[in-house]
Amino acid sequence: MIKKVLIANRGEIAARIIRTCKKLDIQTVAVYSEADQKAPFVLMADDSFLLGPPRVNESYLNIDKIISIAKEANVDAIHPGYGFLSESGDFAEKSQHAGIQFIGPTSKVMEKMGSKIEARNAMKKAGVPIVPGTDSAIASAENAIEIAKDIGYPIMLKASAGGGGIGMQVVQTDEELMKAFESNSKRAQTFFGDGAMFLEKKLDNARHIEIQLLADNHGNAIHLFERECSIQRRNQKVLEEAPSSFISDRTRQLMGEAAVKAAKSLGYTNAGTIEFLVDEEENFYFLEMNTRIQVEHPVTEEITGQDIVEHQIAIANGEELSIKQSDLQIDGHAIEVRIYAEDPVTFFPSPGHISVFQMPDGKYCRNEVAVADNYDVTPYYDPMIGKLIVKGSTRDEAISLLKEALLTYKVEGIKTNIPMLLAIVDNEEFKKGNTTTGFVQDFYLPQVKKK
C-alpha cells in the first residue's frame, strides 16, 4: 500500500499531485533545485530535499540522485508528473529495481511508445489508422527527399524521440527538407540522445484531438473521452478544451474504442493519452502516445468528475479500476489555458521577478500555479507559470467565463501571454469552433500584425 510518495517534478504539476496525496492521507516528498528553493510546491510537501544546481541535468534529470533521496526518505512510490523523466523507461526500471513503485506504465511499454517510429508500427499492427509516412528511420537528407516524392509536400519532418515540438518542422520543398533534416536531427540528438528522423504527410486543416485512457493491471481499460488541443504555438499547446466542438458522437465513440483497443494491445497500464490528427471529414489518424499524465488533464477531470492522479495511485497500488466505461458521461464544457511567462507576439520567454500575482477567484475557476507574489521566474525551465481552467454548462458559457477570469488575472513584473489568450477568446473563428492546428498562424498572428 502506498503511504508515501516522492514527486520527481516541480511547479504546478508537483503541487497538483501533492493535493491529491493529501486528500488520500498519503505523505509527500518534494525534490527541488537551487532555483526552486522558495517555490510553492516545496512548501506544500511534508518533506523536501535539495537535488542540486538549477540546470536540469544536475537536478530534475539526475536519476541516481532522485532514487537515492527516495531511499533516504523511505518512500513507497515515485510520481514523475509530466516532462523531465516522466517517459524515461530507464527511470521507471531503476525505481522498480530499488523497490520503489513507479506510478506509470512499465518501462518496456514506455520505451516502445517513446519512439514515434516504433509507436507508429505498433498502432498499425493494432489496427489504428496512422498518418501516411515512413515506418523506419531515414538515413540521410538525400534519402528523405527521395521518399518525399512519394508522400508529396507539404510534409512534417519529425524526430522519433522526445516531444514538445523539438525536432519537428513543416517543409514545403526539397530545398527546405535538405536544410531542415540536418539541423533537426542534431537538435533531437542534443535534447533526447537520439537523432533518428522520419516523415509524415501534413494534413491540411487538421485538428489535434486526443483520448485520455486509464488501464489497470487486471486487463481493464477505459477512456475518459476526448480533448481538443489544436490551438498551438511552436507545436506546443496553448488552449485545450473538452469535449471537442467538432467531432460527432459517432466519431467520439470510434476514437475512444480505437484508443482502448490500442492500450490493450500494448498491455498498457496506468494513465496515458493517445493523440490523433482529425481531418475535415472526421477521419482520425494516430499521432503519438503520451505515457504519463498530461498538462491538460484538468479539463477531462472537470467534465467527468474523476481525479486522474487518484486513479494513477490506485492502479499503482494494484487495484482494479473503480469505474467502468458505462459509468462515464460528459458533463458540461471545460477550457484550459496555459499562462506562459513570454512575449505574447514573439513567444520569447520572459523570465524575471513577479512583483504582483493575483489569480481569478470563483466557483467556475480552477487555478493550477507554479508561482506566487515576489517570485523569480528563472530561465532554466519551461516558461509555463500556471494554468487556468473554467467550466460552463455549454461551450459558449465556458468561453464567457474564461474571458471574465482572464480579465481579472494580474501578473506584474514580467510579460505573459494573457493578451494572446484574450485575443483568442474574442476571435470569431474560435467562438465558431474553427480551431485547427493552423489557428495561431492563420487567425491570431494576422490579427496582431494589424495592430
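Helices, as named here, are DSSP runs of type H or I with at least four residues, and strands are E runs of at least two, each numbered from the N terminus. On this basis Asp25 of the predicted model lies in the loop between α1 (11-23) and β2. Phi of Asp25 is near 60°, a positive value in a residue that is not glycine. The residue is exposed, because its relative accessible area of 71% lies over the 50% limit.

A positive phi also occurs at Asn374, where the angle is about 55° although the residue is not a glycine. Asn374 is found in the loop between β17 and β18 (375-377). With a relative accessible area of 56%, Asn374 is exposed.

Strand β17 comprises residues 365-369 and includes Val369. The C-alpha atom of Val369 is separated by 8.4 Å from that of Ile13, a residue 356 positions away along the chain. When residues up to four places away in sequence are not counted, Val369 touches Glu12, Phe357, Met359, Ile385, Gly386 and Tyr409.

Helix α3 (residues 63-73) has buried residues at Ile63, Ile66, Ile67, Ile69, Ala70 and Ala73. These residues lie on the same side of α3, because they cover an arc of only 155° around the axis. Asp64, Lys71 and Glu72 are exposed on the other side of the helix. The elements that cover the buried residues of α3 include the strands β1 (4-7), β2 (27-33), β3 (47-52) and β4 (77-79), together with helix α4 (89-97). Just after α3, Asn74 takes a positive phi of about 60°.

Two helix pairs that involve α6 were examined. Two packed helices are described by the angle between their axes and the distance between the axes. For helix α5 (residues 107-114) and α6, the angle is about 100° and the axes are 5 Å apart. The two helices are therefore roughly perpendicular to each other, since angles of 65 to 115 degrees fall in that class. In this contact, Lys112, Met113 and Gly114 of α5 meet Lys116, Glu118, Ala119, Ala122 and Met123 of α6. The residues of the contact divide into four nonpolar, one polar and three charged.

Helix α6 (residues 116-126) also packs with helix α9 (residues 249-266), at an angle of about 105° and with the axes 10 Å apart. This angle makes α6 roughly perpendicular to α9. On the α6 side the contact is made by Ala122, Met123 and Ala126, which meet Lys261, Ala262, Ser265 and Leu266 in α9. By class, the contact of α6 with α9 has five nonpolar residues, one polar residue and one charged residue.

Helix α11 (residues 308-316) contains Gln312. Gln312 is buried, with a relative accessible area of 2%. Leaving aside neighbours within four places in sequence, Gln312 is in contact with His79, Ile103, Asn270, Ala271 and Ile293. Of these contacts, His79 belongs to strand β4 (77-79), one of the elements that cover the buried residues of α3.

A cis bond joins Tyr153 and Pro154, with omega of about 0°. Pro154 is placed in the loop between α7 (141-151) and β6 (155-159). The peptide bond from Ala242 to Pro243 is likewise cis, with omega near 0°. Pro243 is placed in the loop between β11 (236-242) and α9, the helix that packs with α6.

The structure holds zero disulfides. Cys365 is in no disulfide, and the nearest cysteine sulfur, that of Cys229, is 20 Å away. A pair of cysteine sulfur atoms counts as a disulfide within 2.5 Å. At 15% relative accessibility, Cys365 counts as buried, because the limit for burial is under 20%. Cys21 is also buried, with a relative accessible area of 0%.

Terms used:
Residues numbered from 1 in each chain as written. Predicted model: local features only at pLDDT ≥ 70, side-chain atom pairs only at ≥ 80, totals over all residues. Heavy atoms only, no water. Contact = heavy atoms within 4.5 Å. Axes fitted to C-alpha atoms, helices over the stretch in contact; angles between N-to-C directions. Parallel < 35°, antiparallel > 145°, perpendicular 65-115°, else oblique. Nonpolar A, V, L, I, M, F, W, Y, C, P; charged D, E, K, R; others polar. Buried < 20%, exposed > 50% of the residue type's maximum accessible area, 1.4 Å probe, protein only. Arc of directions from axis to C-beta.
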